[in-house]
2 protein chains.
Amino acid sequence: MNAEILAVGTELLMGQIANTNAQYISARLPDVGIGVFYHSVVGDNPVRLKECLKLAFSRSDIVIMTGGLGPTQDDLTKETVASAMNRKLVLDQDSLDKMQAFFKKLNRPMTDNNIKQAYLPENSIIIRNKNGTAPGCIIEEAGKIVVMLPGPPSEMRPMLDDTVIPYFYEKSEFKLVSRFLRIFGIGESAMEDMILDLINAQTNPTIAPYAKDGEVTLRVTARYPKNDSDDDIITPVVNEIKKRLGDTVYSTENRNMEEVAAQLLVNTNTTIAIAESCTGGLVSSRLTD
Amino acid sequence: MNAEILAVGTELLMGQIANTNAQYISARLPDVGIGVFYHSVVGDNPVRLKECLKLAFSRSDIVIMTGGLGPTQDDLTKETVASAMNRKLVLDQDSLDKMQAFFKKLNRPMTDNNIKQAYLPENSIIIRNKNGTAPGCIIEEAGKIVVMLPGPPSEMRPMLDDTVIPYFYEKSEFKLVSRFLRIFGIGESAMEDMILDLINAQTNPTIAPYAKDGEVTLRVTARYPKNDSDDDIITPVVNEIKKRLGDTVYSTENRNMEEVAAQLLVNTNTTIAIAESCTGGLVSSRLTD
């Protein structure tokens, strides 16, 4: 099964925020055997949103939408999806009750525009939101699955982790497992040159390099049947790469430079003193993280 | 003119990194009168990439691509675009010379797979890369413009700022200007309720709310002719919003809580002492930032 993540919000197209929701969701889906083929972002515009939905349905089994579930007029995700799927929006009394309790707890009046958040497409699986007012939902139709989640990460993430991932885990037949090797002191092209035969020979696991500021990461991804991960096919590949690249591999656990440095200090029982001026506590902060 | 940002890279679909390039580019384009209608992300897969390109051409005037220009085998952006546009890739000797000088300076051998980075679509405007090896390019064809930039932000950003933005500025007829009001102590729905008549009445400037952890931002965006920004149509709207929302507006300059707090300390000549334990210097770091 393959998925597309469709984020809705003009604030993303204006560059006010990065689409970290797409990153978070993408990192979780392989655990339940779902490959992500596309990310899309569209604004709070019902015509273009409908167009993007149609496209997503045509090329993906699963469409996970974030954003546009809020109380304000430009929040149009549910209305547009319901219209595209010919479903009515019906009041979910439980969502309305929870919303009223939420406002009472905050000691704020609940304005009428909030009520639209309690309307959900009929016959959908409702996803409760413990950290905000907008519930999410899952709709199954004609072999396709649409998931709608709110935009704020503090609301979206627990709903994904607690409800959506377990929902997909039930359905999945296999899972993807990745290991990340972090490499410093060698360029991407020189590195590829040293392991090109491995990259060319692999189908499962696959090996993919990518470069970022000053360092290179290698991703080794294996596909396992869901209930069988005893047969470790990743470690031999990781070991062979380590043999080829030597000391330039500073982590095989996707740990960053400061984590590895801090762990080395702890292991050797070494303490350090840091005098920071322009960095304003940043070195201490990064080591503490 | 409207634009689409198409990022290429399986690492984005695996959730290894967030698409911060799309955010950065989106924040810059309104300055030169270009609205961004879509972001897309596709993996290092030539079939799906070609499909996404075709779609982008069909719905956008400008396609800005990031990623997939590197030396490794999975870097396929240029090859796919050239094939989709029926253009040959031709060797750019200057790019090859600069690449060789770059490796010499680093005292690293240049492997053969780097040479493909010096091949660019014929008749394109070449964008030099001062911080890496892969040049970018701009292609104009049949009223459409395609821009290709490398994926690493440290390479992409200066190429965008120094070459791509000035290129579009030459072509543009108007520009968009935004002001951001930061609001704390009131929910998104209650806020909208207080200014709904303003939101409904506006066409230029437009007003759009969005919520994030613990606070709300209002974006006020005006469209001006390129050479005429004397007629300030934003400030009266900002002032009216401030009048309605009172002290909950803590910044009208898109400054965050810690910036405003630090500025208040400086203005009143107040010094503070911070004792940090679990925060590991983070309070100091945020105030210093």
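Visitor: Which share of the contacts in chain A with a separation of 6 or more comes from residues 24 or more positions apart?

Guide: A contact means heavy atoms within 4.5 Å. In chain A, residues 24 or more positions apart account for 67% of the contacts with a separation of 6 or more. Please keep in mind that this is a predicted model, where local features need pLDDT of at least 70, side-chain atom pairs count only at pLDDT 80 or more, and totals for chains, interfaces and linings use all residues. Residues are numbered from 1 along each chain as its sequence is written, chains are lettered from A and ligands numbered from 1 in the order in which they are written, and side-chain values use heavy atoms, with hydrogens and water left out.

Visitor: How many helices and strands are there in chain A?

Guide: Helices (H or I, at least four residues) and strands (E, at least two) are DSSP runs, numbered from the N terminus. Chain A has 10 helices and 12 strands. One of the strands is S5, residues 119-121, which holds A:Tyr119.

Visitor: Is A:Tyr119 buried, exposed or partly exposed?

Guide: Buried means under 20% relative accessible area, exposed over 50%, and partly exposed in between (1.4 Å probe, protein chains only). A:Tyr119 is partly exposed, at 34%. Across chain A, buried residues make up 51% of the 289 residues.

Visitor: And where is B:Asn19 in chain B?

Guide: B:Asn19 lies in the loop between helix H1 (10-13) and helix H2 (20-28). With a relative accessible area of 11%, B:Asn19 is buried. Leaving aside residues up to four places away in sequence, B:Asn19 touches B:Ala7, B:Leu12 and B:Val41.
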